[in-house]
Amino acid sequence: MNFYLTGLYFLPLIVGGILLIAPAKISRPLVILSSLILSVLALLVFFSVSEPVYFSVPHYVSQLVAGADVLMLMYFLWVALQRKSLLVGILSVVQLAGLLYILKNLSGGETLQFMVDRLSTFMFLLINIISGIIAVFTLRYIDEEECSAFRKKFFMALLFWFIGAMNLVVSADNLEYFFLFFELTTLASFLFIGFRKDAVSVQNAITALWMNQLGGIAILAAIFFIMYNGYGEITFTNLLAHTGADGLLLPLALLSIAALIKGAQLPFSKWLLGAMVAPTPVSALLHSSTMVKIAPFIILRLSPAIKDTPVAMVIVGLTGFVFIASAISALSQDNFKRILAHSTIALLALMIMMGAIGTPVTIVAALVLVLFHGISKCMLFLNAGILERVFHLKQSSDMDRLSESGPFTALVMTIGFMSLLLPPFGAFIGKWLSIETLGALATEKKLLGALVLVAVAGGGAVLSLLYFKVMGLLINRTGEKDQLRFENTGPYYSATIYILLGLVLITVAGLPLLLTYYFAPVAAAVHGSPVPVLNEGWNLFIGTMRIPLLPMLIAFFLLPVTILLAMFIRFRHADRAKEYMCGEKINYSFSSFYFSTDRAIPYFSAAGILFFIALIAVALI
Amino acid sequence: MNDYLIPVLLIVLAPVIGGLVYGFERIVKARMQRRIGPPLLQPFYDFLKLADKRQMMVHSTHAFLGIMHFVSLWFALAVLLLGGDLILVIFLHLLSTALLILAGYSTRSIFSHLGANRMAISVLAYEPVLIIIAVSIFMINGSFDTALVFAGNEPLLYKMPLAFIALLLVLPIKLKKSPFDVAEAHQEITGGVELEFSGLFFEAVYTAKWLDYIFCYTLVFLFAGSNILLGLGLMAFTFLYLNALDNSSARVNYKQMLRFSLGVAFTLAFINLIINSLL
Amino acid sequence: MNLAAYRKKSPWILHYNAGGCNGCDIEILACLSPKYDIERFGMINTGNPKQSDILLVTGPVTKRSRERLVEIYAQMPEPKVVISCGACASTGGVFRGMYNCEGGIDQFIPVDVYVCGCGTRPEQIIDGVVQALAILEKKTKALEEPVQLKRAAKQEEGQLNRRELADDIKPLLT
């Protein structure tokens, strides 16, 4: 067990180190092999951990961690000086001061520093498998990047270090360690976003840095308040053990703020949108398996403590608002990656909301959303990378006739979008569970529940409009090429996409099994009490919620199979006719439509800030 | 077993009943204009005639998506009538609409694209309202299952009249009736997404419209619960209302439609939700 | 089941104005009005060639509309009939011989029924459609085959008259 865990923590770090110096010939097999090993390790850990595993590290590691903390903050300061960014400088100084104060007052003695429970193992699976796939994809992608050979190696190395940092984040119990790993992911994303080194990249990297630094400060403040109120150990375990105690609401609110910032909720969505300037694997990594998924992770970890508190209510309100606001602002976007980014923010809002409500069903919903969103978004982003590299497309309005030049890419992207929206895919299940539980919430919490429900219903409809808009461009073609021939995008690209496509289809087909044996135990661990998932006849019961399986099964044949068949089927006996254009014979070029929702965005940000203020306010009161 | 007999019969005969409703509607509409109108079985004559046309299509994907639109709509209807989960039903209906919208987008025909765009916008206009109505039903029944609604004693209409009005306001969008028929707009974009279908393939889309009638009238019927007389009354009222509205109003553009539906119908449904949650 | 019998119960009409004065068009619309109500025969004015059975053409063929007329005709699935509605559509009418006018529509697409009048009366139109339905019932789903023409078009009244080109093959067609 511990061996596997050690592998998860150290293998990425070592592989990253080797990649930095090894020649390209070695790096390819190495990356593929280590991605495989990491995935297997994550699986092994998942199956071997049923009770939370606590372990501490020797004292000198604590000192090492403290040293690393300080070093990293010094690096931030250096960045601030180099880029002449006052904001980053001030935030770094504040962080440094806070950290030193905490380190000085930290009670000595052996505390348990790490905890690996089912939630951690759940995250391990997501992080290692999806990021491994992205790493393999990157092998080819980074080859075509215009930069020096060392930068390419550095990129691959950074990717693995990022995976390592993520593995550490989800298993840290001590909040000081958590702060370090949290800021390490910030650092990694800063380096990633600024990778291309042009003015926009640097600017956006700085934005990402200071926003996430705010999250770091929130964690430090949380640690401070825990110590100040005299609750002893600064660990998640200790925090959860004192659920409902006086004065703990503020630290919880601060940790939630860190989560919300990481999750790019309004008004902090700018860093994630700005991250689009980086090479596409970075976006895939940030959006699907790492970085933003810290947000639902923190909220899920804290959910037993924050549920039913005013803090949770404000978070629910905020995320409900973010869901519809980011869906609306997505309507004005044309850049394909930005469209995806907005929908990520919206779905993250839904996950965080579900985590914050914290009933067994909503926790299952949050986990379902985390996993399925991870897979689908990864697939979509990698396809965005292929579009960029193979088809030289970045704007969604340029994708006209893509299904003629790249039918396979178009098909996969159509399935990807469908999987974010419609039954029987997991994201739909998540959304369904959310609407049903929000209905229950509206019965209890009256106005708040009703408002959030309206936001989710409205936002969902807006998102479906958005997805239709993009899918419409992907699917259109003339009748002249009624022969299907899949394009060849090269082994690395097509292999990763096939794996992801397989994952999407298999997870959908095996959903009842996954719910019973995969999500329910994790949700039970998060919630602290068993989550009953019963499979009776053709119905699946999660708590009070009933999922009829037969309709889902038929829906599986209706939707994914329809989309696949629609590409392959040929009616040979029917004649082809030209499209009706009032008898004219003109070749039109098709584009998409926009809604100018840009004007609303400042108001959205302002409302987001109000929510954050409210979050602190309710915690103080 | 008897519980299932009527729903199953309804499901199997849904296209036939829908066709009759459509035929009757054409007569009623004609009478409202002081015309005689076509025979009652006219939709079936159309159906049989279309079966005998030379088969033409733009491309296979387009034709196949049209057929699957019909199949998935029938499936959504079956789930609704068999007492399935209302949210699931709404999303299954969205699925079938999605397939038709995709079919519209899949050709390179301008009118088809315009129709698909407008249809996607009408989804935005009516879907939130339907979901809010479903949640209102949940608040009263404690469950989203339509089976409970069909079995419920007191009709929902008395408990949530505002939701019924909201439903009446969005039904024209869903059924593509004036003033909210932008998605179809025969005189303007010659039928929108339906345009490129012909012969047998058009038949699927044509009969799917009949299924949509059954779907919508079942939604109306939900408000009467187990009170069948009231349900029939509501359906008759809705029928007359829809046709009178269709005959007497001119088409509004999509912005006006969206503004009306999200401004008036959605607000009504929301007020109803608040009232229900307070009671 | 003889499906051909249902053709005449639901004739869907596509109405195309090839360049006329709109007089006949107004009469066609009058047919839809309560006084004549052609919907009682199951007719629908579809405006969409792909779902229509009857092509109702008004006006002479202008040089601009010639290709569009043929294109729309080609997009109608068989079996289909063409009604030339009014004097202009049948022969060119008062526009015959004008620089922009090609004459009657039968020079470009096969016409099944000619309806006279300038403009045609609604009763005549209905009568024409009823006659067309009888022809429609006999038609098959096969494509209307082109036949080789041997004569050259002759100059007449300042424009090419292609009408008599088909004299040789007329026996074949009937």
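Chain C has an average pLDDT of 82, with 84% of its residues scoring at least 70, where pLDDT is the predictor's confidence in each residue on a scale from 0 to 100. The model as a whole is predicted, and its scores are ipTM 0.80 and pTM 0.84. Because this is a predicted model, local features need pLDDT of at least 70 and side-chain atom pairs count only at pLDDT 80 or more, while totals for chains, interfaces and linings use all residues. Residues are numbered from 1 along each chain as its sequence is written, and chains are lettered from A and ligands numbered from 1 in the order in which they are written.

**Chain A as a whole**

- Chain A contains 25 helices and six strands, helices (H or I, at least four residues) and strands (E, at least two) being DSSP runs numbered from the N terminus.
- The radius of gyration of chain A is 24 Å, which agrees with the value near 25 Å that a compact globule of 621 residues would have; the radius is taken over C-alpha atoms, and the globule rule is 2.2 Å times the number of residues to the power 0.38.
- Along the principal axes, the C-alpha atoms of chain A fill a box of roughly 80 × 60 × 50 Å.
- Among the contacts in chain A with a separation of 6 or more, 82% are between residues 24 or more positions apart, a contact being two residues whose C-beta atoms, placed from the backbone, lie within 7 Å.

**Where chain A meets chain B**

- The contact between these chains draws 54 residues from chain A and 57 residues from chain B.
- On the chain A side, at least two residues each come from α19 (426-445), α20 (447-475), α23 (549-558), α24 (560-568) and β6 (575-576), and α20(A) gives the most, with 15 residues.
- That side of chain A divides into 35 nonpolar, 10 polar and nine charged residues, with Ala, Val, Leu, Ile, Met, Phe, Trp, Tyr, Cys and Pro counted as nonpolar, Asp, Glu, Lys and Arg as charged, and the others, Gly among them, as polar.
- β6(A) runs parallel to strand β1 (residues 56-57) of chain B and is joined to it by two bridges, with B:Met57 in β1(B) as the bridge partner of A:Arg576.

**Chain C and its strand β3**

- Chain C has five helices and nine strands, which follow one another along the sequence as β-α-β-β-β-α-β-α-β-β-α-β-β-α.
- Of its 174 residues, 41% count as buried, and residues 24 or more positions apart account for 78% of the chain C contacts with a separation of 6 or more.
- In strand β3 (residues 54-58) of chain C, five of the five residues are buried, with C:Ile54, C:Leu56 and C:Thr58 on one side and C:Leu55 and C:Val57 on the other.
- β3(C) pairs in the parallel sense with strand β1 (residues 12-17) of chain C over five bridges, a pairing requiring that DSSP find at least two bridges between the strands; here C:Thr58 is the bridge partner of C:Asn17.
- β3(C) also pairs in the parallel sense with strand β5 (residues 81-85) of chain C over five bridges, and C:Val82 in β5(C) is the bridge partner of C:Leu55.

**Where chain C meets chain B**

- 18 residues of chain C are in contact with 26 residues of chain B, and the chain C side divides into five nonpolar, five polar and eight charged residues.

Notes. Buried ≥ 20, exposed ≤ 12 C-beta atoms within 10 Å, placed from the backbone.
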